[in-house]
Structures are given as C-alpha cells and as structure tokens.
Amino acid sequence: MTTETQKSTTQQPTEWEYSAAPERFPISIERTNKLFIGGKFVSPKSRKWFASSNPATNEKIADIATAGAADVNAAVLAAKKALPKWSKLAGSERAKYLYRIARRIQERAREFAVLETIDGGKPIKEARDIDIPLAAQHFFYYAGWADKLQYAFAGRSVQPIGVCGQIIPWNFPLLMAAWKLAPAIACGNTSVLKPAETTSLTALRLAEVMQEVELPEGVINIITGAGDTGKYLAEHKDINKLAFTGSTEVGKILMRNAAGTGKRLTLELGGKSANIIFADAAIDQAIEGIVSGIYFNQGHVCCAGSRLFVEEPIVEEVIHKLTHRMKSLRVGDPMDKNTDVGAINSPTQLQTIERYIKTGVAEGGQLHKANTQRLPSKGNWCNPCFFTDIQPSHTIAREEIFGPVLSIMTFRTPEEAISRANNTPYGLAAGVWTDKGSKVFEVAKRLEAGIIWCNSYNKFDAASPFGGFKESGFGREGGMQGLKPYVKLV
Amino acid sequence: MRQRVDTVMVEERASSFTQRSIKTQSKTQGLRLALSMIDLTTLEGKDSDEKVRSLCRKAITPWEGKMTPPLPTVAAVCVYPSLVTIASRALEGSGVRVASVATGFPSGQFPLSVRLDDVVKAVEAGADEIDMVINRGAFLSGRYEEVAEEIKQVRLVCGGAHLKIILETGELETLENVRAASDLAIEAAASAGPIADGEVFIKTSTGKVNPAATMPVTLVMLDAIQSYFDKTGVRIGMKPAGGIRSAKQSLHYLVMVKETLGNDWLTPKLFRFGASSLTNDILRQLVRQHTGRYTATYDFSEA
C-alpha cells in the first residue's frame, strides 16, 4: 500500500488543463422574430426578413424582420400616440415600471446572458458578469431619478422632449439598449429603438419584458433592420430627438441630416483612446489595465485603450510582461465559462480587423502574435495581438480598428505623453497609470477625453457619465448628466 | 527600488482566478495535484509524539480506501524542531519530506544565535526543509540589511535542507510591504549561494496571525517570483499557509499559479499549501467523484 501510493506522488510539473465548462442554460429562440410596435409583436409590412447568425459558428440562428419605411412610420406613430399619457404620468409611477423592468432583467439574467453570447460572440463570463447586471443597474438607477427630475436641474422646470429615435451598436447590445431606454422613459419620453442588425435578439427579448411588466403600449417600440431602417428612423419628421451610438462616419451623416430640422441630437461615436503608463506605475497591475483596456469584449469597445503610451525606461519590461500575460488569455468558444476572448462579431468586422493588421505590417510596424491559442475551425476569430515600432502617424495608430489589436508607442516626459495622447481626432477615453497622485490629476486634467480612468480601465457604472470630446461625439449617458439629453429645461 | 503595487487591481485579478470553472477531469486532476502539494502541519504547544506519528501516517496514506490510480502522498509533514526525530522516523522511505519550523517560530523574537542554533538542531535531527520566520520588527522599522543578513545566515546553516522564508504577511499589512519583503527575502537567500529550482520558497504566514494567506497577497508574491525568474532563470517556490481549508480554495490557488507562473510551477517541488484541514476536504471531494456519494466528516481520519 505504502509503496503503491509513493510511486504516484506527483513530482514533475503537470500539464493541468481546464476541462470544457460550457454554460448549459437552455433557452428557446423563435425561428422568426417580429417587430415590437405599439406593445405587440407584428410582422413587417416590408415582408422582408434577414438572417442573424452565431459569430462563433456562422450558423444561422433565426430570421429577423426588416423594418421598411412603413414599419418605421408605424413605430414612430405608436410612440407619438403613447406620448401624451406617458409624459403626464407622475414620475413616481413611471419609476415603478423602470423598477419592474430592472427586476425582470435580473430574474431572466441567465437567459439574457446566454442569448447575448450566442448572438454577439462575447464570452459568457462577460455577458453574465458585466453586460446584463449593468443593464439592470441602468434601469434601477434611472428609476430613482424619475420622480426627482426637478432636483437634477436646480431652479428649472423639466419637460420631456417627445419621441426619441435611438440607434445602438452591436458591441453591447442589451446594455446599450438600457443606456438609451432607461433615461428616455424615466424623463417621460417615448422611444423607437433600433438595435444593430447583427445583434437584435436581446433587444427583442427586452420587448417581451416590456410586455411582462405591462408597460403602456407604444412607450417603447423596437424595430430591427440594417442601415436603411436606421435612415428611415433618423429622418422621420415626428422624431423630436435622435440618439446614436456607432461609427463617426454615420454620426457625421446623421448630424448633417438633422441640421435645421429642430431635432435634438446626441452622438456617442468612435474612439482611439490612449492608455498612458508612467515609469512610476505599479507595472504588474498596469499590465492588467492594458489587457482589460484592449482585449475586453474582443476589442469591440468604443473606449478601448487601443493606443498604449509607455514611458521609455520601462517599455521593454512592459512588452515582456504583456507578452507573458497574453499567453494565458483563453480564446475560443464564447459559451465556455473560462473563455476570456470570444468571437469577432461578424465576418465583415473580421475582414476589417485583418485588413488593419496587414496595413500595420505593410507600414513597417512589428506585429507581436503574443497569443497563439488554437482557434476553432468555424466562426470569426482573431488572436489578441499588439504592434511595436509604431508612430502616431501610422494608420493603425490613428484609425479605430474595433478589434483586439494594440499599438504600443513610447514617450519620455509627461508633456510628450499628453501631446501624443491628444493628437487624435477622437476624445472618448484615456487611462493614466502612475503611483503619484499629483501626476494623476495633472495629466488627467489636460487629456482631451470624456472619460479618464486612473490606475484602472474600462470600469462602468450607471451613476458615472459616459461620452466624448471632438469626433467621439457629444452628450453624456449615465449619471445625472445622462438625464439632460432627454429633457427640455423651461 | 521598491516595486509599486496597486491594491485595487491586485484584488481584481486575484478574484478573477476564483471565477474559473474547474469541473470534471480538470477538477479531479487539480485536487490530486493539490493533495500532493500539502505540507501537513501541526504547530501547537500540546503536540505529542502520538499526534505527529498519526499525522505521518495520514501523510503517507491520506485515505485508507482504494482508488485508481492510487492517491499521491502529501508533500511534507511540518512540525516543531523537537518533534523532527519522531516525524523523520515515521516517514522514513516514504518519500514524504520532513519540514520543521525554526528560527524562534512564530515570532522570531530571539537573539540571532539562538535562532541559528534552532535551525542547526532541526537539520541535525533530520529536517529536509526549514520554515524560517523573518525579523518583522527589523523589516517594519526599515532595517532591511539586518533582515537580509539574518536570512543569509540562516540559509548558510541549512546545509542541504531547503529553506522556506515566512514573511508573516498579516503583520506586514500592505501589499507593497509584501512585495518588498518578497524581493528582499529572495535576494538575501541568493546572496548565500546559488539556488537550485525549488531550493528556496517564500511563504505567506505562520498560521498564528490573522489574516494568513490570501489570494491577493499570494499573487503579489508570485509576481516577485516571476520577476526573479525573468532576471535569473531561477525558480523560487511559493507556499501560502494558513486559512486555506476548502478543496475549492485550493483549486483557486492552482488556477492562480497556472495563469501567472505557468504549468512549470505546478509541482510540489515549487508550490506547497501549508494546511491541515484542507486534506480532508480534498479527500471528501475526490472520494465523492470516485464513488459518486458524499461522505461524512467522520469517514476520514482526523490527523
């Protein structure tokens, strides 16, 4: 007995690998998904449908209705019809609906998380721990404001704007819907929301929640479709306010079209955010900030820290540690609970990312394939990577890639760090890493960015305003400031 | 220069390891590995020869039942110097090592000559490994050279015995102190002569002070080990001790080691748990996976 056990004593390092840990929560998905207009699911008058697929396999999940001009019109009219009653409802009564929505999202959280992962490709870990809880938190947060609006704007009285057209992107589908809808309806507006065409399913499931909580018909309408649907919505004459999150390119078009119409506009657009690491930072922890800054959600984050500026004396150490750290990033099946980096949202986006990587190499950048995890044979995948030998004039250091691709540059003085960081048409977010408090404030004050994280990155909270400078847009979402785009001050 | 450490991000990363889902085969394999890394410990004033003998039996044969493949032995039995002779007799030929705390454990508040003598006696009595405590008083008052010199002296009298340096992180309080003490301990041990892989460990706690081992503290110490490896290619070992009681916790630690230092460190040569009640919780889980049934606490021998 003794000798038997002795032999089995582990003395050599073990190749201990994690077994597959798939999330198995069963959900059902309708084969055809209709439009949500006036409190009911209705077939599109356009009679057109489009397919939505799972980015991890590129297999079709369901058909989704394409809202044509007539459908958009119907949705806007439904919102318009609901407006008088909803806007006159006491704030405390509106709050009850928001609380119910928040609770219902929590109750159905696992279902939402699984659906988000199937439809969008993000790791289940992130959908479960970030997207869905934050979406619920947003409704809770703005429920709290609904009957306290006059305190948010001292000395002014507050009125809703009217019918809001809201267009959201595919990177945080349910969360962006919550960001848009919660403040809008809390302030007494009604809404027509259009999710991105590759990720419509969680928004439509949120429509089910609206039915469950018996939200008055027409207060929230959800219409699906691609660019044309968005165009019909943006250009509809009965929209009083347009809120858009997406590319700067589309944002500029919307702004041109809205000019002279009297429509209010808020835009949350692209970014090329700087993450600045000083030599006096806690380097091991800064590495974590780099990783969560650029590889979170496959880099599909408008505030991703895609430009890394490292103080020259520590650049080799940072590259060495980052390379080591990236080896432990687990890329693959988004439904596996141990996956850190999931699937790229669509084949088109994958092509865009791959094109940028090629451009980076062609322009003389050195590509570091620090993560060499084997990728699944089907689906859209990109190993996280980074570039060195990059100058601020390189294409990949100027344009938003929206993928897991980082550009590493250096600086010598705080002055140089600030001027390099600000040398971009964008101004959404920035990160500052230093152990010195005075430097944090000095640098943060002079960075032209709407959100600045100090010794952390990509932290979100419903109470904290989010929005950009320059071509990253205007208007704030979240926090008390997030009420302003949805009220008329009189 | 002192390495800077940011508590917020350390805690965040440490908690990320607890989010890993370790199931089925990886769980069995991980638990067996954790079992083989345990320094089965008894450090009480009332320790008897009998208790140490029964602990040694447990170390060699953690469970009396049959399992295929057979369960590993634990890594070592850790006792006070006065009980080393008993332990080394009981463990002879088993492959389980004898570890002894020394240097005036747990406080270290003794003259250096007494502490060194403590080590010499333990080694003479047959200890394969010495778990020393650092002079926290000197460290906290900034007398770093004194701390380093003492560690060097201890290593010089260890002879062939491996050395584990207990920082007593609960008394150092801040993570920056933990990192500074880790760096200092490793460098001091190295100043006494070249280190073979696993010949020197850094260890969190005596188990006599709260808090003992925590995930953030261990992570900071692993970072120090990584830095030393990057610089020299030498692998220092790590031993969290105290407060690790459940099988699940032990898996969290293994995940942390795997995702920082890597698979190379997943061996009892380089990673240990200082624990006693952990053993039975691991056994409970392994037996459940083996038989499909939950067991009662009294199904396992106590020591």
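Modeller: In chain A, 72% of the contacts with a separation of 6 or more join residues 24 or more positions apart. Contact means C-beta atoms, placed from the backbone, within 7 Å. This is a predicted model: local features need pLDDT of at least 70, side-chain atom pairs count only at pLDDT 80 or more, and totals for chains, interfaces and linings use all residues. Residues are numbered from 1 along each chain as its sequence is written, while chains are lettered from A and ligands numbered from 1 in the order in which they are written.

Biologist: How do you know whether chain A agrees with a compact globule?

Modeller: The globule rule is 2.2 Å times the number of residues to the power 0.38, and the radius of gyration is taken over C-alpha atoms. For 490 residues the rule gives a value near 23 Å; chain A has 23 Å, so the two agree. The C-alpha trace spans about 75 × 65 × 45 Å along its principal axes.

Biologist: Why is A:Arg47 called exposed?

Modeller: A:Arg47 has 9, so it is exposed. Its phi is positive, about 60°, although it is not a glycine. A:Arg47 lies in the loop between β3 (40-42) and β4 (49-54) of chain A.

Biologist: What makes B:Glu173 exposed?

Modeller: B:Glu173 has 11 other C-beta atoms within 10 Å, so it is exposed too. Its phi is also positive, near 70°. Most residues other than glycine have a negative phi.

Biologist: What makes strand β16 of chain A mostly covered?

Modeller: Six of its seven residues, 405-411, are buried. Across chain A, buried residues make up 54%.

Biologist: How many bridges pair β13 of chain A with β16(A)?

Modeller: Five, in the parallel sense. Strands are DSSP runs of E, at least two residues; helices are runs of H or I, at least four; both are numbered from the N terminus. Two strands pair if DSSP finds at least two bridges between them, and five bridges join β13(A) and β16(A). A:Leu308 has A:Ile408 as its bridge partner in β16(A). Strand β15 (385-388) of chain A also runs parallel to β16(A), over three bridges.

Biologist: Why are β7 and β8 of chain B said to stand at the edges?

Modeller: The open sheet has eight parallel strands in the order β7-β6-β5-β4-β3-β2-β1-β8 (chain B). β7 (237-239) and β8 (273-275) each have a single partner strand, so one side of each lacks a neighbour in the sheet. Three bridges join β1 (38-41) of chain B to β8(B); B:Ile38 stands opposite B:Phe273.

Biologist: What makes a set of residues a nonpolar core?

Modeller: The members are buried Ala, Val, Leu, Ile, Met, Phe, Trp, Tyr and Cys residues, joined through C-beta atoms within 7 Å. The largest core has 166 residues; among those with the most contacts inside it are A:Ile276 and B:Val77. Beyond its neighbours within four places in sequence, B:Val77 is in contact with residues including B:Leu40, B:Ala87 and B:Val98. A second, separate core has 88 residues, A:Trp179 among them.

Biologist: Which residues of chain B form cis peptide bonds with a proline?

Modeller: B:Thr68 to B:Pro69 is cis, with omega near -15°. B:Asn210 to B:Pro211 is cis as well, with omega near -5°.

Conventions. Buried ≥ 20, exposed ≤ 12 C-beta atoms within 10 Å, placed from the backbone. Contact = placed C-beta atoms within 7 Å.
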